[in-house]
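Here is a friendly briefing to read alongside the structure. Please have the viewer open as you go through the points.

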Amino acid sequence: MQAVVNCSILAITIGLAHGRYTLCKASIPRALNTRGEMSKQNAGPDPFAVKDCGLVAIALGHKAQNLREMRDHLYRIHPGSIYHHFWGGLLRPQSASPEYYNDFAGWVHYQLHDDTLAERLAILDPTNYADLEFLRHELVDLVEERLDEVEWLNWARADHEFHFTRSQILIFDTRIRIETPEELTSAVAGMSSGSIFYHFIDARRRVPDGVDDLRSWLMGFGETYTDLCGLVASVDPYFGGLTGLRQQLTELFAAYFDGGAR
Amino acid sequence: MSSIEDYAAIVGDDVISHLRQLAAPLKGLKVVHVNSTRLGGGVAEILTKLVPLMEDLGIDVHWEVIRGQEDFFQCTKNFHNALQGKQIPLSESMLKAYEDTNAANAEELRPKLEEADVVFIHDPQPLQLLRWCPGRKGRWLWRCHIDLSHPYRPVWRYLRQFVVEYDASIFSLPDFAQPLAHTQYLMQPSIDPLSDKNKDLPEDQVLAVQLQFGIDPERPMMLQVSRYDRFKDPVGVIRAYRHVKTFAPFLQLVLAGGEATDDPEGEAVLSEVRSEASEDKDIHILLLPPDAHEIINALQRAADVVVQKSVKEGFGLTVTEAMWKQKPVIGGNAGGIRVQVSDHRTGFLVSTPEGAALRVRYLLSSPEKRMEMGLNAQEFVRENSLLTRNLREYLSLMIAVMDKDKERIELGAWARP
């Protein structure tokens with residue numbers, strides 16, 4: 001297949017709370033479709049293949065009761081566990097929209113009652129890191145920095161330790177195809193939570209540049225939907241859960257295509 | 001018997017379609033579930049519904065129940081209590097009864113178990129079967145429904161020697177996971193919205209059940225549904241009721257317990273409960289047969305407040321059932337209840353009879369809050385705790401366990417090893 005590869009180097013400053021690193025992340029192809037194929041410029045990309053997914057959670061049997069134990073586990077824990085504790089919560093049963101979207105921040109707040117560290121952890125956005133190892137290092141640094149600051153260690157109650165978990169992700173094709181961007185409003189409204197997770201959350205780990213699948217597909221139409229991509233990029237995926245995210249995206253596409261937002 | 005399509009009205013067509021896609025590569029897979037009772041208790045209830053639905057999806061699934069004498073069930077009840085932290089020494093004769101019973105059952109089940117592609121062994125009762133099936137060709141998974149967070153070490157050490165031989169374990173919460181070399185999957189149990197215990201009931205049927213048991217429909221009622229088991233703390237519930245009674249003199253308490261054929265301790269606990277209740281005419285202690293599903297359903301719908309004051313709990317299905325009926329639940333701050341009940345949003349988590357009493361008083365005096373929490377509770381169950389979700393997790397897990405080293409599995413390209 002003849003592929004037009006548009007490579008660029010994207011400089012990203014990460015660690016918003018501390019500005020610790022500046023990474024250079026190679027943004028590889030700009031117009032990948034969901035099957036990882038290059039889109040044909042001008043003709044538009046292939047139809048968008050809607051996929052669904054589920055997580056199979058796996059307990060790792062490691063637990064932490066204070067910050068030092070957490071730091072020690074973070075050094076060597078399976079990278080899938082870092083992914084799971086940042087994103088997996090969105091597909092897990094939970095009653096309320098979490099105040100802290102990642103499990104590390106939530107545990108530090110609710111069980112260790114250390115709001116300073118909880119706030120620093122909560123601001124971490126995994127999409128700002130080239131890979132999970134960079135994210136791991138940032139987590140370790142934040143915890144170690146806090147260990148240097150505090151005079152004593154807060155302990156969680158015996159039954160409220162942090163339990164490290166990872167997950168396997170199962171992906172399947174729903175056989176639904178979106179032929180044109182105008183179909184996005186109804187298509188996104190009908191997506192399951194698993195589909196929203198796969199295309200809008202998980203994609204940020206899969207797709208070069210850390211964008212979601214929807215923007216990746218829209219980029220395949222060249223400059224036509226640059227403004228729409230900007231609107232999608234402005235949706236904060238962390239709050240409101242997957243149903244809230246679906247609602248936000250549906251309203252956004254409806255306003256863009258039907259409400260004259262252009 | 002419900003078919004998979006019957007659930008579409010509740011969970012949506014897309015969920016059913018996804019289940020079919022997930023099951024497609026598993027068609028013809030030989031799967032066997034083994035437990036120790038067909039009636040009574042959460043495991044039997046789940047399997048009653050789950051097995052036909054798996055069959056409906058094209059899986060060659062069987063449900064086997066091991067048989068045993070009283071000494072076997074006494075031993076496994078002690079296992080159950082010990083795994084939940086009670087210090088119970090086990091005699092040699094008890095362990096011999098356990099091992100002999102497993103060996104005898106293995107004689108009968110061996111051909112089916114050794115041929116199966118996936119075997120789910122539920123709880124400790126049939127755990128030792130694996131050792132008696134040396135020619136097994138499939139993956140064997142131990143599904144532990146018990147709160148294993150603080151097991152009594154000597155008993156866990158004895159059972160652990162059998163657990164480690166399995167390909168994987170499945171626990172309800174990460175808190176229950178143990179240091180084991182094999183993979184420990186996590187899966188939460190579910191309820192069936194179409195079962196007799198959870199389906200919608202006409203109001204006159206609910207009323208008839210109240211009258212049948214002498215419950216005054218005009219007066220407030222608090223309810224706990226569970227086996228007569230010390231870990232469910234029925235005596236603590238009576239104490240909580242007594243605290244509330246001072247402020248709500250018309251309150252009635254209903255303790256609705258069933259019998260499970262694998263629980264020899266129930267009678268002793270029932271005596272303790274009757275003794276604690278004494279002559280109070282507003283305490284209704286019901287001993288219901290295992291198939292009294294519609295009665296339980298009606299009682300849950302009739303209740304103003306539902307309590308599940310367990311001090312140990314793997315996962316309280318009665319909590320989820322009540323939530324599905326738009327009831328806020330006051331649950332013991334233990335085990336799976338901590339995940340099931342969102343404190344202050346779908347109910348309250350409590351640690352003492354006094355704490356339970358305080359929350360019962362609050363809910364009785366705030367009907368609007370009760371309704372709001374009840375609606376939150378039902379939505380939570382619809383999204384997370386219905387049978388279709390559990391079925392999806394079982395299907396996912398069967399695929400995952402056959403390809404356990406892969407972090408990402410694309411089903412389109414996936415074929416059974």
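Predicted model: local features only at pLDDT ≥ 70, side-chain atom pairs only at ≥ 80, totals over all residues.

Residues are numbered from 1 along each chain as its sequence is written, while chains are lettered from A and ligands numbered from 1 in the order in which they are written.

**Overall build of chain B**

- Chain B has 15 helices and 13 strands, where helices (H or I, at least four residues) and strands (E, at least two) are DSSP runs numbered from the N terminus.
- Its radius of gyration, taken over C-alpha atoms, is 22 Å, close to the 22 Å that the globule rule gives for 417 residues, so chain B is as compact as a globular protein of that length. The globule rule is 2.2 Å times the number of residues to the power 0.38.
- The C-alpha trace of chain B spans about 65 × 55 × 35 Å along its principal axes.
- Of the 417 residues of chain B, 50% count as buried. Burial is judged by the other C-beta atoms within 10 Å of a residue's own, with C-beta atoms placed from the backbone: 20 or more is buried, 12 or fewer is exposed, and in between is partly exposed.
- Among contacts in chain B with a separation of 6 or more, 70% come from residues 24 or more positions apart; a contact needs C-beta atoms, placed from the backbone, within 7 Å.

**Two domains**

- Chain B is divided into domain 1 (4-190 + 386-410) and domain 2 (203-384), with bounds that come from an automatic or database domain assignment.
- The centres of these two domains of chain B, taken over C-alpha atoms, are separated by 28 Å.
- Their contact takes 24 residues from domain 1 of chain B and 21 residues from domain 2 of chain B.
- On the domain 1 side, α3 (42-56) and α4 (70-83) of chain B each supply at least two residues, and α4(B) gives the most, with five residues.
- That side of domain 1 has six nonpolar, 13 polar and five charged residues. Here Ala, Val, Leu, Ile, Met, Phe, Trp, Tyr, Cys and Pro count as nonpolar, Asp, Glu, Lys and Arg as charged, and the others, Gly among them, as polar.

**Nonpolar core**

- The largest nonpolar core has 188 residues, of which M222(B), L223(B), L299(B) and M398(B) touch the most other members. Such a core is a set of buried Ala, Val, Leu, Ile, Met, Phe, Trp, Tyr and Cys residues joined through C-beta atoms within 7 Å.
- This core draws at least three residues from each of domain 1 and domain 2 of chain B.

**Where chain B meets chain A**

- In this interface, 36 residues of chain B are in contact with 21 residues of chain A.
- α15(B) gives the most to the chain B side, with five residues.
- Three bridges join the antiparallel strands β3 (residues 48-64) of chain A and β6(B), and strands pair if DSSP finds at least two bridges between them.
- A57(A) has L186(B) as its bridge partner in β6(B).

**A closer look at A168(B)**

- A168(B) lies in strand β5 (residues 168-171) of chain B.
- A168(B) is partly exposed, because 19 other C-beta atoms lie within 10 Å.

Conventions. Contact = placed C-beta atoms within 7 Å.
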